[in-house]
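Biologist: I would like to go through this model with you. Could we look at the structure together and take a few points in turn?

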Amino acid sequence: MSIDSAVGITGVDKVFSARKGDVIALTGIHLEVAKGEFVSLIGPSGCGKSTLLRVIAGLIPATSGQVTVNGKSAEQARRDQDYGFAFQQAGLLEWRSVAANVELPLVVHGVSRAKRRARARELLDLVGLADFAEHRPQELSGGMQQRVAIARALAESPTLLLMDEPFGALDEMTRERMQGELVRIAAETSAAVVFVTHSISEAVFLSQRVVVMSPRPGRIADVVPIGLGARDLDTREAPEFFAAVTQVREALRGRASVGEGIS
Amino acid sequence: MTTGLDADPVAAGASLLRRSGSALGGAWPPIVVGVVVLGVWQWLVKAFDVSSFVLPAPSDIWNALTDNTSRIFDAALDTGGNALVGLVLGTVLAVIGAALVARLRVVDELITPLAAAVATMPIVVMAPIFNTMFDSTSTLPRRLVVMVATFVPVFVNTARGLKQISPVHAELMSSFAASGLAVLRHVRIPGALPYFFTGIRLAASLSVISAVVAEYFGGLQTGLGPKITSAVAASNYASAWSYVVGAIALGLVFYLAALLLEALAMRSRQVSGR
């Protein structure tokens, strides 16, 4: 395992104990995410992609195997705030203004007021919501709320961003715009991203590698490298984009993809 | 602010006007119904010469009210004082109890069923018992009745508010490696405020009711309760009714004060990032 990987996962299993017997959520997971790399986890419901993301975050412990974030244990990385987490729901606190929501992790970690405000301003600029700092979250559209949540996840300048279907509840057009924004933000912050999604085109557009997972028990079926170069408006119409989409789709169906997709 | 979300001032003013107009419009029907009821009541009593022990005419009650204003006010002040002290004590205990319940599971399992049992009990039945247990020539027994009565709704609602946290907020705070205390301060307490004030609103009305009923069970002769019973005993029915009107007014004052407190607290809950 390389020392400069953002995430290192070796031989991770996750078993949930239930009354009717154990459920194997994840088995034999090996994955390495390089610093600054954008990796998507894709697969049908129940394939354990969200569970894997939470294991990386140290929100739930692995049953066996090893998880490192920036060379530390997942638990230590969580305490050190090495990562920011964005959930499917924005999860903003309705009684805090947009800026105060972005400041929340900084408040929890005892950062001074002046520094918090400066940081919130920077982040709201980054996500294009500087004019909405004093608004209430419920005055914002779903896409704007999700941008606030991303700004909040970036508050502690993490080197890793963990995202659990953050655009899942958005309409198609907003979603595509947010994807473009995310590519830009990830590049500007040079953070590594692990991104969970149901959408093949979303995974292909965003990622350098797409990790295809399959259920019962949750495992990595395939890893598809995406060689699209810099993303722009034309990316989604390029033949290479469609080729990559096809490749991920076939991997999801369980067919052996054509040579270069297998890792 | 310079965003498209702000309506222009003229439109905002117009909508404010419309809203206050409709609020006033909304208040009209009940006022009309009230006036009509009073008119029919007055007419019935006078036309059929109803005895005052059955029902005094509104005009007689009004006369008693204006003749006795200062005495009614003093009696309401006595009752209101007991209700307020009991309400504050009950609320303080309820909040402490709810905080313990939210923090410690053992306490939750011990107290919550007990509170549910207490909630089904008509607490004023304890008034005579408190009168014997404590000094019946003091206001203490009455205040204790109010305290026990108001404890229940505040405790039940606040505990529910504190215990409930949305899964996404719990995970979020966990991803910040936030301490239990930080979760309490930034998520649970602000989230519980609306529940707490629902409890206070219920308790405010309850405090006046239980204070008056507690007064019916002997002890001191101060407060609205003894004045009502002694007016009835003296066959002065219009006067008795005027004290009832005083009790209604006192209940309204408590309820409106609770509403005002809630509005102020909900506004100050707003955390600004500026």
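Biologist: Where is A:E165 placed?
Modeller: A:E165 sits in the loop between β7 (160-164) and α6 of chain A. Its phi is near 45 degrees, a positive value in a residue other than glycine. Most residues other than glycine have a negative phi.

Biologist: Which residue of chain B has a positive phi although it is not a glycine?
Modeller: B:S235 has a phi of about 55 degrees. B:S235 belongs to the loop between α9 (224-233) and α10 (237-269) of chain B. B:S235 is exposed, because 10 other C-beta atoms lie within 10 Å and the limit for exposed is 12 or fewer.

Biologist: On to peptide bonds. What is the geometry from A:R216 to A:P217?
Modeller: That bond is cis, with omega near -10 degrees. A:P217 lies in the loop between β9 (209-214) and β10 (219-225) of chain A. Most peptide bonds are trans.

Biologist: How is chain A divided into domains?
Modeller: The domain assignment gives domain 1 (1-82 + 159-263) and domain 2 (92-157) of chain A. The C-alpha centres of domain 1 and domain 2 of chain A lie 26 Å apart. Their contact takes 11 residues from domain 1 of chain A and 10 residues from domain 2 of chain A.

Biologist: Which helix gives the most to the domain 1 side of that contact in chain A?
Modeller: Helix α6 (residues 172-189) of chain A does, with five residues. The domain 1 side that touches domain 2 of chain A consists of seven nonpolar, three polar and one charged residue.

Biologist: And between the chains, how many residues does the contact take from each?
Modeller: There are 23 residues from chain B and 28 residues from chain A. On the side of chain B that touches chain A, the elements giving two or more residues are α7 (167-175) and α8 (180-215) of chain B. The largest share of that side, six residues, is from α7(B). The side of chain B that touches chain A has 11 nonpolar, nine polar and three charged residues.

Biologist: What about α6 of chain B, how far does it reach?
Modeller: Helix α6 (residues 140-163) of chain B has 24 residues and spans 33 Å from its first C-alpha to its last, close to the 34 Å expected at 1.5 Å a residue. In α6(B) there is a kink of about 30 degrees at B:F151, shortly before the proline B:P153.

Biologist: Is α6(B) mostly covered or mostly open?
Modeller: α6(B) is mostly covered, with 21 of its 24 residues buried.

Biologist: Lastly, confidence. Where is it lowest in chain B, and where is it highest?
Modeller: Within chain B, helix α1 (residues 9-47) is lowest at a mean of 72, and helix α3 (residues 69-103) is highest at 91. Chain B averages a pLDDT of 83, and 90% of its residues score at least 70.

Biologist: Which residues of chain B stay under 50?
Modeller: Residues 1-17 of chain B have a pLDDT under 50, and for them the model has eight contacts beyond four places in sequence. Where pLDDT is low, the predicted coordinates should not be read in detail.

Biologist: What ipTM and pTM does the model score?
Modeller: The model scores ipTM 0.83 and pTM 0.76.

Definitions and conventions: Residues are numbered from 1 along each chain as its sequence is written. Chains are lettered from A and ligands numbered from 1 in the order in which they are written. This is a predicted model: local features need pLDDT of at least 70, side-chain atom pairs count only at pLDDT 80 or more; totals for chains, interfaces and linings use all residues. Two residues are in contact if their C-beta atoms, placed from the backbone, lie within 7 Å. Helices (H or I, at least four residues) and strands (E, at least two) are DSSP runs, numbered from the N terminus. Ala, Val, Leu, Ile, Met, Phe, Trp, Tyr, Cys and Pro count as nonpolar, Asp, Glu, Lys and Arg as charged, and the others, Gly among them, as polar. The expected span of a helix is 1.5 Å times one less than its number of residues. The bend at a residue is the angle between axes fitted to the seven residues ending there and the seven starting there. A residue is buried if 20 or more other C-beta atoms lie within 10 Å of its own, exposed if 12 or fewer, and partly exposed in between; C-beta atoms are placed from the backbone. Domain bounds come from an automatic or database domain assignment. pLDDT is the predictor's confidence in each residue, from 0 to 100.
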